[in-house]
Amino acid sequence: MLRQTALTCLLTSIVALPLSVQANAEKNQAPSLKAIVGHYADIAYANYSDALQTAQTLQKAINQLTKKPNEETLKQAKQAWLQARIPYQQTEVFRFGNKIVDDWEGQVNAWPLDEGLIDYVDSERYEYELGNSGASANIIANKQIKVGSKTINATNITPELLASLNELGGSEANVATGYHAIEFLLWGQDLHGTQAGAGERKATDFMPGKQCTNQHCDRRVAYLKAASELLVNDLTDMVTQWAPKKSDNYRHELLSDSPKQGLRKMFYGMGSLALGELAGERMKVALEANSTEDEHDCFSDNTHNSHYYNAQGIYNIFFGKYQRIDGSTVTGPSVADLVKAKQPKTAQQIEKLFNTTQSSMQTLIDKAEKGMAFDQMIAANNKEGHTIIGNAIQSLVAQTEGIEKAAKVIGINNLNPDNADHAF
Amino acid sequence: MKKTPINHFRHLYKRCLLVCCILVTSPVFASLDNLIKHVDTTYTNLTTQVERLHQSSQQLCKTTSPNQQPANLTATQQAWRNAMNAWVKADLINFGLVVDENIAWRFQFWPDKKNLVKRKVEQFLQQHSDTITDQQLTNASVIVQGLSAAEYLLFDSKTSSIVNNKQRCQLLVAISSVLVQNSHYLQKHWNTQPLDVKNQHDYLTLVSNALASYLEKTYKKWSLAVLKQNPYFAESWRSQHSTVNIQQSLVAADTWYQQLIEPYLQDTKAKKAFAKSISTSFQQNITQFKQLPASLFSMLQTIKQHEKNSAKELLQKTTQQFRQLKKQITVYLPKTLDVSIGFNANDGD
């Protein structure tokens, strides 16, 4: 009886399954894997182009600040930095999975950093990485940088010099370039801990002659200009890598590879950013340890926005939509469309998970804008703040499970695109 | 109900599912039972070791006789090492209650690149100068609650000794008491919520993901210090117990593999050969770690100061061998078992 039933089952499956698949396919037009990966590259190109454009605006604002240093030009530069973070944070979803981005990223957005490498700090409230011999090198104050037995000539502060000082002495905390180095130069150390308030650098730190505060203003100005120039150069390079109609860039390589591998990279990027990086490194560590040292945009207290736009980046890729800084929208075939065509109910469930994340991230932003910044939320006794961050973490964990489920529906079993040895 | 063709199909599908369930799920009960026993034993051992640490800490802090103090400190340091060995083994159970309620960090905080353990412990001591209670500790940062903070109190050579220091002693006793509570809690409740395992595939997905994630984490613990050549990135640099931690982790991973996964690699010649290659890799790695000098911290300091090539080569060989094992477990084993490895906390930076 058992054998007979099993045989009938098998026959039924053979007859019934193709019929049901065909019926579903007729209901929802499933995009091809190739089209989805192609649109992924389109979003990357648009997103990096926006990041470049806002970085160029930041560079102009910094040039204004260095020409006419005053509180107003400093405020304008800070505002430009905050605007530049909006598209950039969304691009972080391209980092994991695309080795070319991950290898390039260290010079652009490395974090956390030992800021004593760059400029003066309050030594009593400065905690640096254990064993980092460059943690107090202070490039701005010193024309000769001594690390261990090596001496580096830092007389002329150029983009090339700063790039060469990254990971000085082998420590990842030695970050001389990128968004966070510029953030530190604009805001200064946040000495408020888990209390209200961000860094309070004064415009006089960039003034010439006797008006200069904290010494070496000329070198501080040179540093800020070199760092912003390098940021623009780096983003220009990344835009080129994703530009269409080129035969020698990364986009061409990605689209020439199998579409399944492209999808795998997309999934790996979404899952790694959502769980290990955003929910884990950037939120859970800071929350559980009540540690402001582990806050992402710690000098400017812009962490809530950085996290929000990280999550937005994941949303963009899953749903194939990206809103550009000029307000226009890039839309096209997506993972969500494909899952919907294959399993509409599962697609609905996953969409709910993404919406929950968006809503929990919105709560984080709303609270921060009402005066409770991320570093205040993580204070040991702030139950309300803990709940807000805890909900955001939980929603990202659930969303990651949704991403895994989507991969399964599409037939992507191995989620890691780099079988060689993922040093992501 | 009228027997229309559609209803007939539905009926057959239901029977089909039932049969499939019976056929597929029966052997999994035995495996699941093994898994449950394994987890029970691991948590029981953890509880035993942290209870011993707690008793030893109480003894150390009661002692007033100067003659007894060095011996009691040594005994408590040894109890800490034993508790750490038990914890690194329990850390393989990276699913269920310990994850849902975020309990792992209450046992150990790692990595600690910016010396947060020292900062948070000293801050806590400043804020609680009178008495220290378990309640105060459980409300504080996870960093001050676990074995990492206990290690700082027991082994840090640059701060005042715990011997004869009533306040530091109180904190150590409270830490070990909270560790006992957390361990008891895990032991008693980890299985309250049944595991979501309906068939063999679910079972293999669970145990393979746990092992893959654990091996990735253990490799990260090793490579962070070794590849960066930073002695302070070694997992337990204050107690110089880092190499033993890795060795114990490999033993735990090997046991997990032998008991819970290897039986599923016996149905073809190719699978058997693959199973054997994993066992060989585990043994080679365990032997290699046993042969290393006891202190990774000292080794890395020596390399940094004197560019000692022999030590460098030894660490390179160890790392390479370890990386191969990790690849077998995280890439080839899931492929052979036809399971998918999901995202985990090791992804990202």
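Domain bounds as used here come from an automatic or database domain assignment. On this basis, chain B is divided into domain 1 (30-194) and domain 2 (196-349). The structure is a predicted model, in which local features need pLDDT of at least 70 and side-chain atom pairs count only at pLDDT 80 or more, whereas totals for chains, interfaces and linings use all residues. Residues are numbered from 1 along each chain as its sequence is written, and chains are lettered from A and ligands numbered from 1 in the order in which they are written.

The centres of domain 1 of chain B and domain 2 of chain B, taken over C-alpha atoms, are separated by 24 Å. To the contact between them (two residues are in contact if their C-beta atoms, placed from the backbone, lie within 7 Å), domain 1 of chain B contributes 23 residues and domain 2 of chain B contributes 23 residues. On the side of domain 1 of chain B that touches domain 2 of chain B, at least two residues each are supplied by α1 (5-62), α2 (69-90) and α7 (147-155) of chain B. The largest share of this side, six residues, is provided by α2(B). Helices (H or I, at least four residues) and strands (E, at least two) are DSSP runs, numbered from the N terminus.

Chain B as a whole contains 13 helices and zero strands. Its C-alpha atoms fill a box of roughly 85 × 50 × 35 Å along the principal axes. Of its 349 residues, 43% count as buried, a residue being buried if 20 or more other C-beta atoms lie within 10 Å of its own, exposed if 12 or fewer, and partly exposed in between, with C-beta atoms placed from the backbone. Among the contacts in chain B with a separation of 6 or more, 80% involve residues 24 or more positions apart.

In chain A, helix α12 (residues 344-369) comprises 26 residues and reaches 37 Å from its first C-alpha to its last, close to the 38 Å expected at 1.5 Å a residue; the expected span is 1.5 Å times one less than the number of residues. Buried positions of α12(A) include A:Ala347, A:Ile350, A:Phe354 and A:Leu364. The buried residues of α12(A) pack against α10 (303-319), α11 (335-342), α13 (374-377) and α14 (383-410) of chain A. A:Gly371, which follows α12(A), has a positive phi, near 115°.

Chain A also contains strands β1 (residues 144-147) and β2 (residues 150-153), which run antiparallel and are joined by four bridges; two strands pair if DSSP finds at least two bridges between them. A:Val147 has A:Lys150 in β2(A) as its bridge partner. The two strands form a hairpin with two residues between them, and A:Gly148 in the turn has a positive phi of about 60°.
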